[in-house]
Amino acid sequence: MTKRFGIISIMMSILLFLSGCASEGTAPQQGGDQSQPVAGSGTPKNGGSLVIAVGDDPSALNPNYAGDRVTLTINQSLFAPLFTINEGKKTFVLAESLTQSKDFLTYTLKLRDNLTWHDGKKLTADDVVFTLASILDEKQHSPQRSLFVLDGKPIQVKKVDDTTVDFVLPQVSAAFEGALVQVSPIPKHIFENIEDIEKSEKNFSPVGSGPFKFKEYKPGEYVTLERFDNYFAGKSYLDTITYRITKDSNAANLAMQNGEIQMKFIDPQDYNKMNDMQMFTLIKYNEGRLVYMAFNLNIDVLQKKEVRQAIAYAIDKNELVHAAYSSLDYAEPAYSLLTPDALYYTKELPTYDYNVEKAKELLKKAGVNQLKLRLAYVNNNKPQTSQALYLQQKLKDIGIEIELQPLDPAAFSNKSQDMKNKDYDLSFGGYIMGYEPDAYKSLFVSTEPFNYSHYNNKEFDQLWSKAAVEVDTAKRAELYKKIQQTVADDVPIYPIAYPKSIIAVDKKFGGLQEAVTKPVTMFEDLSKIYEQ
């Protein structure tokens, strides 16, 4: 997982393919002939281009290593998944079926016939086996590896024939399909002799399997994809998609007004202005995203739970959410490490209601006074900037001085992934992990590279291991409740909000309902979008 979403920490967020949601006020994805116009929109036509604003360069155009929003967004059009799960409904993509054995230890995946890579080579079971082998190979350090290791034992992946693969589990797991849903195969014939796949230059001239193929990448400027005419699900309407790298959100908004960019995420602070222009379709929807503040437990003073709890009590969460998102219409205060769309999410948790005197008592108990902390955040993220300014003022009330450290997204990502990082004390992040709660462990288990708070609790780690393989629903729910309660009590992170996301799209484009809004990547299938 890679860069922080928050960045978006995402992680990994990897597990983004675990859930999707239709936009507010729109219908879910429609089936049928692409040539049929959507009610209330213009007639679809072939051709044209779409320019999408993204905030940074991609980290690696390879789904085994994608975790930040930009990389996941671009990879989604380049690489097709085996299947997706949207609101609990499974939709097969490269695969046509996935069946379980009677003992629930073997899953058999059947690929569609006649699948091809963008270079014309056949996509077969060999590619699926190679992809999983690369993920499981510790030398390739894929952030997805832990999802396919159950209680210390990796799953086995076996080719049955050219279109059939068996996944053999060392023990029954309720989380396996939730892990497999995020897998998009990579081509064996491109990567089989690469010693370090993550650092390979081939990641920046990728060969994928999705509706669009790679055309050009100019670092710091753009990534351009073109239509893949042999895509198994049919050709896209658009000829090209260009992801324009624009780190300044205000500059990107201006480029939208000028028609240079036709799609981007916008901040709540910009909603009314963009809406008043009547140039854009604005779609507001729940991504299942948590934004949070992480305590860096590499810092001695923050290893004291009382200090972390004191800071939590010193924050008026409703005020903080208003400061960051202008209104509760755009965000809901958060208290759990899970998002409300996740299985086994609970509200039965400590809330740390605003209490300055309680905060001061805890600092005194910890033997701490006149504390100075450094707060890092992404400098082009408006909600994070507002949160930072709010905390700087609010924590003065309990004698804590906050030094602000706004960082470029790339610099922030690099620092956050340093497991020994002591360059800052607090940081903002965010993640979208989806329906399956096992996905969230990559952010909290002590051995995971995306444990940005560097939280280390062996009993807590064991809870995650037990929950992943527990098949009794009631027992599994109880384990995840304990996990949420542990984080709420120990406060390695401070949950802030579950924000809604807003996409602005030039009104000359249709097919947005069919494309379906999706966490992180805006839309699930850009091949459905057309100029009208």
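**View 1. Asp438 sits in the loop between β20 (426-432) and α12 (458-469).** Helices here are DSSP runs of H or I with at least four residues, strands are runs of E with at least two, and both are numbered from the N terminus. This is a predicted model, in which local features need pLDDT of at least 70 and side-chain atom pairs count only at pLDDT 80 or more, while totals for chains, interfaces and linings use all residues. Residues are numbered from 1 along each chain as its sequence is written, and side-chain values use heavy atoms, with hydrogens and water left out. Is Asp438 buried or exposed? Asp438 has a relative accessible area of 3%, so it is buried (under 20% is buried, over 50% exposed, in between partly exposed; 1.4 Å probe, protein chains only). Not counting residues up to four places away in sequence, Asp438 touches Leu147, Ala175, Trp464, Ala468, Arg476 and Tyr480 (contact means heavy atoms within 4.5 Å).

**View 2. Phe280 is part of strand β15 (residues 280-286).** Phe280 counts as buried because its relative accessibility is 3%. Leave aside neighbours within four places in sequence, and the contacts of Phe280 include Met256, Gln257, Met274 and Ala504.

View 3. Not counting residues up to four places away in sequence, Met293 touches, among others, Ile311, Leu391, Phe428 and Ile493.

**View 4. Helix α11 (residues 409-416) has Pro409, Phe412, Ser413 and Ser416 as its buried residues.** Seen down the axis of α11, these residues fall within an arc of 100°, so they line one face of the helix (the arc is that of the directions from the helix axis to the C-beta atoms). Their cover includes β18 (371-378), β19 (400-407) and β20. At the N-terminal end, Asp408 caps α11, with a side-chain oxygen 2.9 Å from the backbone nitrogen of Ala410.

**View 5. Over residues 1-40, the pLDDT is below 50.** pLDDT is the predictor's confidence in each residue, from 0 to 100. The protein's mean pLDDT is 89, and 92% of its residues reach 70 or more.

Notes: Polar contact = N/O pair within 3.5 Å; in protein donor to acceptor, adjacent residues only side chain to side chain.
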